[in-house]
Amino acid sequence: MMAVEQARPSRSIAAALYITLALVLLGAMYPLLRKASDDEAARAPEAHTFRIDISADSDTLTQAAQSGVPVFKARQGDTITLVATSTQPGSLHVHVYDRSVPLVQGSEVMLTFPATTAGAFPIHWHDPQNLMIHMAILEVQPR
Ligand SMILES: [Cu+2]
């Protein structure tokens, strides 16, 4: 009791303590508030359709890939559909996800899967000799 009376702060010190306490509390809440707004920005999962055209030979497409391939952007939890048109045999393959679909010459094939893992994943055309031709990159942002 005695100690409390002795340590009783003046009004201005009390005000400074309240302001400090408020700032400390706001600081502590900042990560929570920030997370809430990030979640809002993330919104609901989306469905994406990306097209791949395999209508040249492997040499031509390998050369084309050297100046860059398309980057298909999505977020974790989205649904990805790849639509491949091809004049070539073989298969379309998404690395790490390890999803693939056989190509049908002169026709469209579809490959649909959930983007469960974040990262950048190469999409290849595997020709019948199992040569890998880099066609695109699937870039999945973490949610
Ligand atoms: Cu591959």
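## Burial and the model

A residue is called buried if 20 or more other C-beta atoms lie within 10 Å of its own, exposed if 12 or fewer do, and partly exposed in between, with C-beta atoms placed from the backbone. By this definition Gly-68 is exposed, because 9 other C-beta atoms lie within 10 Å. Of the 143 residues of the chain, 14% count as buried.

The model is predicted: local features need pLDDT of at least 70 and side-chain atom pairs count only at pLDDT 80 or more, while totals for chains, interfaces and linings use all residues. Residue numbers start from 1 along each chain as its sequence is written.

## Overall layout

The chain has 3 helices and 8 strands. These elements are DSSP runs numbered from the N terminus, with helices (H or I) of at least four residues and strands (E) of at least two. Along the sequence they follow the pattern α-α-β-α-β-β-β-β-β-β-β.

Two residues are in contact if their C-beta atoms, placed from the backbone, lie within 7 Å. Among contacts between residues at least 6 apart in sequence, 64% join residues at least 24 apart.

Two strands pair if DSSP finds at least two bridges between them. An open sheet of 5 strands has the order S2-S8-S7-S4-S5, and its pairing is mixed. S2 and S5 stand at the edges, each with a single partner strand, so one side of each has no neighbour in the sheet. Neighbouring strands of this sheet are turned by 20 degrees against each other on average, direction ignored. Axes here are lines fitted to C-alpha atoms, for helices over the stretch in contact, and angles run from 0 to 180 degrees between N-to-C directions. Helix H3 packs on this sheet, touching S7 and S8, and the direction of H3 makes about 40 degrees with that of S8.

Within the sheet, S4 and S7 pair in the antiparallel sense over 4 bridges. His-93 stands opposite His-124 in S7, and Ser-91 stands opposite His-126 in S7. In a regular strand the side chains alternate between the two faces of the sheet. S4 also pairs with S5, in the antiparallel sense and over 4 bridges. There, the bridge partner of Val-94 is Arg-99 in S5.

## The sheet of three strands

An open sheet of 3 strands has the order S1-S3-S6, again with mixed pairing. S1 and strand S6 (107–114) stand at the edges with a single partner strand each, so one side of each is left without a neighbour in the sheet. In this sheet, neighbouring strands are turned by 20 degrees against each other on average, direction ignored.

S3 and S6 run antiparallel and are joined by 8 bridges. Thr-81 has Thr-112 in S6 as its bridge partner.

## The nonpolar core

A nonpolar core is a set of buried Ala, Val, Leu, Ile, Met, Phe, Trp, Tyr and Cys residues joined through C-beta atoms within 7 Å. The largest such core has 18 residues, of which Ile-52, Leu-92, Met-135 and Leu-138 touch the most other members. Strand S1 (47–54), strand S3 (79–86), S7 and S8 each supply at least two residues of this core. S8 gives the most to this core, with 5 residues.

Ile-52 shows which residues meet in this region. Leaving aside its neighbours within four places in sequence, Ile-52 is in contact with Leu-82, Ala-84, Leu-92, Ile-123, Met-135 and Ala-136.

## Loops and turns

Gly-68 is found in the loop between helix H3 (58–65) and strand S2 (71–75). Its C-alpha atom is separated by 9.8 Å from that of Ile-137, 69 residues apart along the chain.

Val-96 lies in the loop between strand S4 (91–94) and strand S5 (99–102). S4 and S5 form a hairpin with 4 residues between them. Phi of Val-96 is near 70 degrees, a positive value in a residue other than glycine. Val-96 counts as exposed because 12 other C-beta atoms lie within 10 Å.

Asn-130 has its place in the loop between strand S7 (119–126) and strand S8 (132–141). Phi of Asn-130 is also positive, near 65 degrees, in a residue other than glycine. With 8 other C-beta atoms within 10 Å, Asn-130 is exposed.
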